[in-house]
Amino acid sequence: MILPIVGYGDPVLRKVGASLTPDYPQLSELIHNMYDTMYNAYGVGLAAPQIGLPIRLFVIDAEPFADSESLSAEESAQLKGFKRTFINAQILKEEGEEWGFNEGCLSIPDVREDVYRKERVTLQYCDENFMEKTEVFDGLIARVIQHEYDHIEGILFTDKISMLKRTLIKKKLQNIMEGKARPDYRMRFYNKKGR
């Protein structure tokens with residue numbers, strides 16, 4: 001089932017997510033719905049707060065990045081096969097050089113800015129079967145993980161840009177809060193007039 005994506009300004013996007021237990025109600029259905037919702041919006045990642053649930057869960061499918069001509073064959077193959085569910089994720093370490101990449105977010109439609117993040121991340125998490133894992137990710141996969149991880153910590157990519165850039169996008173953010181954004185996927189807006 002395709003769920004509405006929560007828009008910028010909703011308090012759920014600022015909450016630190018609660019940990020899940022294996023008996024979380026209808027977890028496999030929720031994960032399936034999150035993938036459907038992400039694909040419908042042409043996203044590469046989606047965190048539970050973006051569908052209104054303040055829990056430590058996000059999904060990623062990095063395949064859309066695999067077609068970039070600037071990638072090596074190895075990087076492209078790595079992205080093509082990368083589809084994962086992350087439950088109760090904890091970043092243990094961020095390492096390497098910071099590098100910029102133009103990021104967007106399904107909860108903040110039509111806003112894109114360069115964000116600087118570390119190139120490598122060590123992550124402890126459970127998969128959809130609650131198997132605990134610790135892995136190191138780098139490059140674009142690390143970036144998508146860091147972006148989605150921020151969501152379960154109540155952080156948005158707009159928090160990581162300069163005050164000047166935030167001032168320049170202020171009107172766009174206000175329009176999203178008021179429900180004036182028109183993405184080609186379902187959204188739920190916080191301050192929409194007549195709600």
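Strand β3, residues 57–61, is mostly covered in this predicted model. Of its 5 residues, 5 are buried. The cover lies on both faces. Leu-57, Val-59 and Asp-61 are buried on one side. Phe-58 and Ile-60 are buried on the other. In a regular strand, side chains alternate between the two faces of the sheet.

**Partners of β3**

Which strands pair with β3? Strand β2, residues 45–47, pairs with β3 in the antiparallel sense. Strand β4, residues 83–105, also runs antiparallel to β3. The table sets out both pairings.

| Pairing | Sense | Bridges | A bridge pair |
|---|---|---|---|
| β2 with β3 | antiparallel | 3 bridges | Leu-46 with Val-59 of β3 |
| β3 with β4 | antiparallel | 5 bridges | Leu-57 with Ile-87 of β4 |

Val-59 is buried and is the bridge partner of Leu-46. Leu-57 is buried on the Val-59 side, and its bridge partner in β4 is Ile-87.

**A buried histidine**

His-151 belongs to helix α3, residues 139–152. Is His-151 buried or exposed? Its relative accessible area is 1%, so His-151 counts as buried, the cut-off being under 20%. Neighbours within four places in sequence aside, His-151 is in contact with Lys-15, Ala-47, Pro-49, Gln-50, Cys-105 and Leu-156.

**The chain as a whole**

The protein chain holds 5 helices and 7 strands. From the N terminus, their order is β-α-β-β-α-β-β-β-α-α-α-β.

How does the radius of gyration compare with that of a compact globule? For 195 residues, the globule value would be near 16 Å; the chain has 16 Å, so the two agree. The C-alpha trace spans about 45 × 40 × 30 Å along its principal axes.

Buried residues account for 47% of the 195 in the chain.

The accessible surface is about 10,100 Å². Carbon and sulfur atoms contribute 50% of that surface. The chain carries 26 positive and 30 negative charges. Their mean positions lie 10 Å apart.

Definitions and conventions. Residues numbered from 1 in each chain as written. Predicted model: local features only at pLDDT ≥ 70, side-chain atom pairs only at ≥ 80, totals over all residues. Heavy atoms only, no water. Helix = DSSP H or I, 4+ residues; strand = E, 2+ residues; numbered from the N terminus. Rg over C-alpha atoms; globule rule 2.2 N^0.38 Å. Buried < 20%, exposed > 50% of the residue type's maximum accessible area, 1.4 Å probe, protein only. Areas by Shrake-Rupley, 256 points an atom, 1.4 Å probe, with all protein chains shown as cover. Lys, Arg positive; Asp, Glu negative; His and termini not counted. Charge placed at Lys NZ, Arg CZ, Asp CG, Glu CD. Pairing = 2+ DSSP bridges. Contact = heavy atoms within 4.5 Å.
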